[in-house]
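Trainee: I am new to this structure. Please take a close look at one part for me, the surroundings of the ligand.

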Amino acid sequence: MKQTKTAFFCQSCGYQSGKWLGKCPACNEWNQFAEEKISSDEKGALTPFGTPPLSIHDIPIEETERIKTGVEEIDRVLGGGIVHGSVVLVGGEPGIGKSTLLLQVLQKLAAQGSKVLYVSGEESAKQIRLRGQRVSALSRNLLVLTEISIEKITTHLKDVQPSVLVVDSIQTTYSDTLSSAPGSVGQVREGAQQFVLLAKKTGIPVFLVGHVTKDGAIAGPKILEHMVDTVLYFEGDSGHPYRIIRAIKNRYGPTNEVGVFEMAHDGLREVANPSSFFLTERTDETVGSVVVPTMEGTRPILIEIQGLVGTSGFGAPRRTTMGVDHNRISLLVAVMDKVWKEGIGNHDIFINVTGGIKIDEPAADLGIVSAIISSFMNRPIDQKTIVFGEVGLTGEIRRVSQIQERVKEAARMGFNRCLMPKAQADNLSSLTPKMALFPINSLKEMLEYLF
Ligand code: TYD
Ligand code: MG
């Protein structure tokens, strides 16, 4: 008699074990193991890939023709469009706009004449219709199915034969072959496996929506990320309209591309010129404000960093940051204290990156320092100045990547003064004749040129 095989899975990371464990050896979480049936034909999953060994030279390559969605920011992130038979996981926090985005992408495709299918296990057909109305996605070619059974979805798929499939979300789907609840690791993995198989077999590209837990991982198993071809993260701050979609894994293109959107009352709008988008609210000649060219993938984006230095009422001065790493500020303030000996470190210091964007590249160090100094000295920084450079522990200014793109973008946006690492200033002036470069070696030299 055939026995049903079961195993224990960590519900947080997907680690598999033959027996129950209290603590997961992979992710160190406690009390996460649950028994789940293992799909009986798991081995069979590999069959569509099963060909005899072949010389790499002789493997036929079909030109990977891509489906252009018509949403340029998405096409860019995917590396030039959707690849046939690819599986794309779209992760993001609840309410960030995943469903809206995918509905709009499907609408664009439907408007081009392709039949597309949106499967939702999260919302009723009525709710989807209402959202569709809001974002003008009411094409006849856009089919909606509210279903969570993978087997039923597959059956419908055979009838519909869509050119693109969206499953919103992978956590709500379930397979009849497993007894565990939807959303459990076993179900999510099984679901993803089925959709990967389906995509490879039929060539239909599949978008899977995946929820993200509070610490930023796609809820449930990390294994999901290994199974799909592309992982996109949709990020943003619910208090701000801007949204960034980022590829963190892409088997068919670069991973350093980002797409920028703005959430409006009628859906997501593409932001073709992010620099001007993030600088629109800037006022002239304000103390504590400076513009920094940051890189989002291969795209330079100008953003404003604001600093506020105030007298500290308590023993330990406060450091409050929005959009930059808290520890980085502590470090930079310590360096500034050492270099200038003005006692900046005894003050409360607040840093804000406007627009709700987050920056984690060291090139912004000099911008943070400038904003703090400007506020501390109560002197506004010249309106048309940009600064960038990494600050080392001894106060030296270190090299950063992609300076040409940064400076060019700033010049394009009308900036004409640039404080930058000395080591990188060669050859740059010929590139952007309108930009006056002020190469600096250390924080000490900076004050001469900043204001
Ligand atoms: P949604 O796509 O449902 O997010 P997710 O699928 O990632 O959970 O987006 C919901 C949010 O977006 C909701 O808070 C309202 C907002 N929104 C707009 O601001 N404008 C719009 O046109 C739409 C459709 C939604
Ligand atoms: Mg949704």
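Mentor: A polar contact is a pair of N or O atoms within 3.5 Å; within protein, one must be able to donate a hydrogen and the other to accept it, and residues adjacent in sequence count only if both atoms are side-chain atoms. In this predicted model, local features need pLDDT of at least 70 and side-chain atom pairs pLDDT 80 or more, while totals for chains, interfaces and linings use all residues. Residues are numbered from 1 along each chain as written, chains are lettered from A and ligands numbered from 1 in written order, and side-chain values use heavy atoms, without hydrogens and water.

The shell around ligand 1 has 16 residues, of which Gly95, Ser99, Thr100, Ala264 and Gly267 come nearest (near: a heavy atom within 4 Å). A polar backbone atom of Gly267 is 2.6 Å from an oxygen atom of ligand 1. Ala264 also uses its backbone, with an N or O atom 2.7 Å from a nitrogen atom of the ligand. Arg134 reaches a ligand nitrogen atom with a polar side-chain atom, at 3.2 Å. On its own, ligand 1 has 550 Å² of accessible area (Shrake-Rupley method, 1.4 Å probe), and the protein covers 75% of that. Two or more shell residues come from each of α2 (98-111), α3 (125-134) and β13 (258-264); such helices (H or I, at least four residues) and strands (E, at least two) are DSSP runs, numbered from the N terminus. The largest share, three residues, belongs to α2. By type, the shell holds five nonpolar, six polar and five charged residues; Ala, Val, Leu, Ile, Met, Phe, Trp, Tyr, Cys and Pro count as nonpolar, Asp, Glu, Lys and Arg as charged, and the others, Gly among them, as polar.
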